[in-house]
Amino acid sequence: MPICQAVNACFYARYIDIQCVSCEQDRDTKMRNEEVRLYSGSKLPLLGFGTAAFPYDRERVELAIWTALKMGYRHFDTAKIYGSEPAVGSALMEAIHDEAVSREEIFVTSKLWGSDHHDPISGLKQTLKNLGMEYVDLYLIHWPAKLKVWANYAVPNEDDFEELDMESTWAGMERCLDMGLCRFIGVSNFSCRKIQRLMEHASVLPAVNQVEMHPMWRQKNLREFCGEKNIHVSAYSPLGGPGSPWGTKAVVDNPVICSIARKHKATPAQVALSWGLSKGVSLIIKSFNQERMKENMEALELTLDHEDVVKIERLEEKKIMRGEFLVNGTTSPYRTIQDLWDDEI
Ligand SMILES: NC(=O)c1ccc[n+]([C@@H]2O[C@H](COP(=O)([O-])OP(=O)(O)OC[C@H]3O[C@@H](n4cnc5c(N)ncnc54)[C@H](OP(=O)(O)O)[C@@H]3O)[C@@H](O)[C@H]2O)c1
């Protein structure tokens, strides 16, 4: 029996092994993925779908994106360095072709790798080619680090670094905007001090700073700083990345988080996500598992009590993605982790 009767109306049915009797039932499980406004008034969906997974499996990413679209995810986060742009692009473009969603309904973020700081326009054009799209919604400087042009891999070698020239990189990002290759530009993994310096020469301010944020790395100062400058904060690793090569289970296994979850008959992941949402940030969550994707989407329905938030904000903080791979004593502009984060770690 086909999993969905209205095959033409529901293109996902061809791909997704989902227990549904009819499209009506699907609609009930689809949550409203609310949106926040960026400074220009354009909207960014609160829940974003992360696609960084190693090893990269194109078919798996495509399937996950089709499932995510069906559940109501509308923001898709990728990066040239993840290798996921072709899968993200082909799944989304097929959904658009099949009129399951329109291009305007989805929000696509990608990122400039260090080796493209020399020429952000070419970097973004390559990204658009990988995605098969005419524009991305948001283009971010992935890290504040410039690498040799050939260093197109995740962990640079000791001699791959070049002197950072943020003024010229940002001018290239602004040009991308002028050319209509993206709707917004922003940064990722930037400290308050780095944003402040960028603002001294920027004609266009970053719309977003995408940073690690979860109950055990709360980014209070950065959020306040970005709030004052009208820069939206997007939280990556909002669960602390349990099960990912760079992540930890420290957040979802934390006894305080687990006890709050029991109180609300929710899961620890939902508590972590609900806490993030309560801080006014958008979240980029990665799950390629249908049940967990749904569980994460349902965090939109959980509201924590004030006392829960107070307990969470007493937890010891520990940054997970410390960026050691960008620190060395020879060619990197960052001799120590503290240099990289301007002592905000
Ligand atoms: N800008 C940057 O420098 C940067 C850095 C890191 C990440 N990111 C972006 O942010 C996205 C998310 O970050 P992340 O992957 O590091 O962290 P995350 O979303 O906090 O955690 C992802 C991990 O948690 C598991 N998971 C998902 N939902 C769960 C749940 N409800 N319960 C238990 N485990 C669950 C996933 O496994 P399953 O897939 O098996 O569910 C996956 O292993 C990335 O994919 C990427 O797009 C950006």
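This is a predicted model: local features need pLDDT of at least 70, side-chain atom pairs count only at pLDDT 80 or more; totals for chains, interfaces and linings use all residues.
Local features are taken at pLDDT of at least 70 and side-chain atom pairs count only at pLDDT 80 or more, while totals for chains, interfaces and linings use all residues. Residue numbers start from 1 along each chain, following the sequence as written.

The largest nonpolar core has 82 residues. A nonpolar core here is a set of buried Ala, Val, Leu, Ile, Met, Phe, Trp, Tyr and Cys residues joined through C-beta atoms within 7 Å. Buried means that 20 or more other C-beta atoms lie within 10 Å of the residue's own; exposed means 12 or fewer, and partly exposed is in between, with C-beta atoms placed from the backbone. The members of this core that touch the most other members are Ile65, Tyr139, Cys182, Ala272 and Leu283. Helix H2 (residues 58-71) gives the core its largest share, 7 residues. Helices (H or I, at least four residues) and strands (E, at least two) are DSSP runs numbered from the N terminus. Another core, of 9 residues, lies apart from the largest one and includes Ala145, Phe161, Leu326 and Leu340.

Ala272 is in contact with His214, Pro215, Pro238, Leu239, Val251, Val252 and Ile257, leaving aside neighbours within four places in sequence. Contact means that the C-beta atoms of two residues, placed from the backbone, lie within 7 Å.

Helix H4 (120-131) comes next. The expected span is 1.5 Å times one less than the number of residues. Pro120, Gly123, Leu124, Thr127, Leu128 and Leu131 are buried in H4. These buried residues fall within an arc of 135° seen down the axis, so they line one face of the helix. The arc is that of the directions from the helix axis to the C-beta atoms. On the face of H4 turned away from the buried side are the exposed residues Ser122 and Lys129. The cover over the buried residues of H4 includes helix H3 (85-97), strand S5 (107-112), S6, H5 and S9. After H4 comes Gly132, with a positive phi near 70°.

Helix H5 (residues 166-178) has 13 residues and reaches 18 Å from its first C-alpha to its last, close to the expected 18 Å. The buried residues in H5 are Met166, Thr169, Trp170, Gly172, Met173 and Cys176. They sit on the same side of H5 because they cover an arc of only 155° around the axis. Those buried residues pack against H4, strand S6 (136-141), strand S7 (146-147), strand S9 (182-188) and helix H6 (192-201). H5 is followed by Gly180, where phi is again positive, near 75°.

The ligand is surrounded by 30 residues, of which Gly50, Leu239, Gly243, Ala269 and Ser287 are the closest. The shell divides into 11 nonpolar, 15 polar and 4 charged residues. Ala, Val, Leu, Ile, Met, Phe, Trp, Tyr, Cys and Pro count as nonpolar, Asp, Glu, Lys and Arg as charged, and the others, Gly among them, as polar.

Several loop residues remain. Pro55 is in the loop between strand S3 (47-50) and H2, and the peptide bond from Phe54 to Pro55 is cis, with omega near 0°. Gly72 lies in the loop between H2 and strand S4 (75-77) and is partly exposed, with 18 C-beta neighbours inside 10 Å.

Two residues other than glycine have positive phi values: Gln219, near 60°, and Ser237, about 50°. Gln219 lies in the loop between strand S10 (208-212) and helix H7 (220-229); Ser237 lies in the loop between strand S11 (232-236) and helix H8 (255-264). Gln219 is buried, with 22 other C-beta atoms within 10 Å, and Ser237 is buried with 26.

Technical notes: A residue is near a molecule or strand if its C-beta atom, placed from the backbone, lies within 6 Å of it.
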